[in-house]
Amino acid sequence: MTLLSVTGLSKRFPSRRGLVDVLRRMPRQAVHAVEQVSLDVMRGETLGIVGESGCGKSTLARCLVRLHEPDGGSVSFDGTDVLALEGDARRRFNRQVQMVFQDPYGSLNPRMTVGDTLGEALAVHRVVPAAEISARVRSLLDLVHLPQDAALRYPHEFSGGQRQRIGIARALAVEPSLIIADEPVSALDVSVQASIVNLFMELQDRLGLTLMFITHDLRLVKHMTHRVAVMYLGRIVEIGPTAELFARPQHPYTQALIRAVPLVKARRRDGEAAVMGELPSPLNPPSGCAFHPRCPRAEPACAEAVPDLTDRGAGWQVACRRA
Ligand SMILES: Nc1ncnc2c1ncn2[C@@H]1O[C@H](COP(=O)(O)OP(=O)(O)O)[C@@H](O)[C@H]1O
Ligand SMILES: [Mg+2]
């Protein structure tokens, strides 16, 4: 059953112009951060969103929770129109959909103990009666495998991995049905990344959570997601069941990403998958299929029309005329 349904979502940002542009009366341009994204998230699934940095993953996530207002398209959650929500209904939605960010430190109050931070989330949303808050804080710490005395300590006393566990506990406190995790392990050491990925898998399984896991690191989604969506310059170019997509990627970009994986470690310290050439600017995206200038299989027609994301059966969709 579909929990979240996104149709034709687009978000553009006005670009900053330098003095020279202003003096030359250059027209103000727009960054095409998210273009015509459509996807469904099924209840209880983990959906991976992958793509190089700058391809619009965070903007998509922020539009879904209305941290950005999209310019076009629609978002429906459990059958209701998210973009039309106001007042109490919007607050209920904000509770239902929680985000986990790359750097939980930035969003944890350094002067509040972990127990108070979790307790506040429980109290603000009246998740449990006041008398039960401390017991619930203890069970949240348990859920993310932090020791009970963590409740009395402050964020700076924890390691990066432990802080991410606190961020996850806070997201779980309000009993959301969807968690959108935006690069939740990208700031962590590789050795710690696996433990947080495992925690997400365990929670998803135990709590029946629906999870959107956003990352630039293709390797992370291989074992933890049911489906993967690959983004390129604001658009989804391929989406499908994870195992099949890794075994037989259809889009030349997905193929390049997957092939690049073994080369990546040697070449790039940050572990980001590198394809040949640079990501073009979202200010002036290439015509037609935005990947055509880097695509080994491009033909002249690829520069003309944006290929539709078309069904290839079994919930697999690809936007490529050459696939
Ligand atoms: N608030 C903003 N104002 C202007 N441009 C933005 C803003 N947020 C993101 N962008 C631009 O939108 C594009 C997509 O960014 P983002 O969604 O952060 O990508 P990702 O999360 O995949 O790295 C980038 O070109 C980025 O510079
Ligand atoms: Mg991002």
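This is a guided tour of one predicted model, stop by stop, with what to select and what is there.

**Before starting**

Residues are numbered from 1 along each chain as its sequence is written, and chains are lettered from A and ligands numbered from 1 in the order in which they are written. Because the model is predicted, local features need pLDDT of at least 70 and side-chain atom pairs count only at pLDDT 80 or more, while totals for chains, interfaces and linings use all residues; side-chain values use heavy atoms, with hydrogens and water left out.

Helices (H or I, at least four residues) and strands (E, at least two) are DSSP runs, numbered from the N terminus. Two strands pair if DSSP finds at least two bridges between them.

**Stop 1: the four-stranded sheet**

Select E2, E1, E4 and E5, which in that order form an open sheet with antiparallel pairing. Strand E2 (30-42) and strand E5 (80-81) stand at the edges with a single partner strand each, so one side of each has no neighbour in the sheet.

Now show E1 and E4, which pair in the antiparallel sense over five bridges. Thr7 has Ser74, in E4, as its bridge partner.

Go on to strand E4 (residues 72-77) and E5, an antiparallel pair with two bridges. Phe77 is bridged to Thr80 in E5, and Ser76 is bridged to Asp81 in E5. The two strands form a hairpin with two residues between them, and Asp78 in the turn has a positive phi of about 55°.

Stay on Asp81, in strand E5. Asp81 is partly exposed, with a relative accessible area of 42%; on this scale buried means under 20% relative accessible area, exposed over 50%, and partly exposed in between (1.4 Å probe, protein chains only). Select Leu199 as well: Asp81 and Leu199 are 118 residues apart in sequence, and their C-alpha atoms are 31 Å apart in space.

**Stop 2: helix H2**

Select helix H2 (residues 57-64), which lies across strand E1 (2-14), E2 and E4 and runs at about 120° to E1. For such angles, axes are lines fitted to C-alpha atoms, for helices over the stretch in contact, and angles run from 0 to 180 degrees between N-to-C directions. Contact means heavy atoms within 4.5 Å.

Within H2, pick Thr59. Is Thr59 buried or exposed? Thr59 is buried, with a relative accessible area of 12%. Leaving out residues up to four places away in sequence, Thr59 touches Lys11, Phe13, Ala33, Val34 and His68.

**Stop 3: the eight-stranded sheet**

Move to the open sheet of eight strands, ordered E6-E7-E8-E3-E9-E10-E12-E11, where the pairing is mixed. Its edge strands are E6 and strand E11 (310-311), each pairing on one side only.

Show E6 and E7, which run parallel and are joined by four bridges. Val97 stands opposite Leu178 in E7. H7 packs on the sheet and touches E6 and E7, its direction making about 175° with that of E6. H8 also packs on the sheet, touching strand E3 (46-50), E6, E7 and strand E8 (210-215), and its direction makes about 160° with that of E8.

**Stop 4: helix H7**

Select H7, which has 14 residues and reaches 20 Å from its first C-alpha to its last. This is close to the 20 Å expected at 1.5 Å a residue, the expected span being 1.5 Å times one less than the number of residues. Eleven of the 14 residues are buried, so H7 is largely enclosed by the rest of the structure. Among the buried residues are Gly161, Ile166, Ile168 and Leu172. The buried residues of H7 pack against elements including strand E6 (97-100), helix H5 (114-124), helix H6 (133-143) and helix H8 (190-207).

Next select Ala173, in helix H7 (residues 160-173). Ala173 is buried, with a relative accessible area of 1%. Which residues is Ala173 in contact with, leaving aside its neighbours within four places in sequence? They are Ala121, Leu122, Val127 and Leu140. Ala173 and Leu233 are 60 residues apart along the chain, with 34 Å between their C-alpha atoms. After H7 comes Glu175, whose phi is positive, near 55°.
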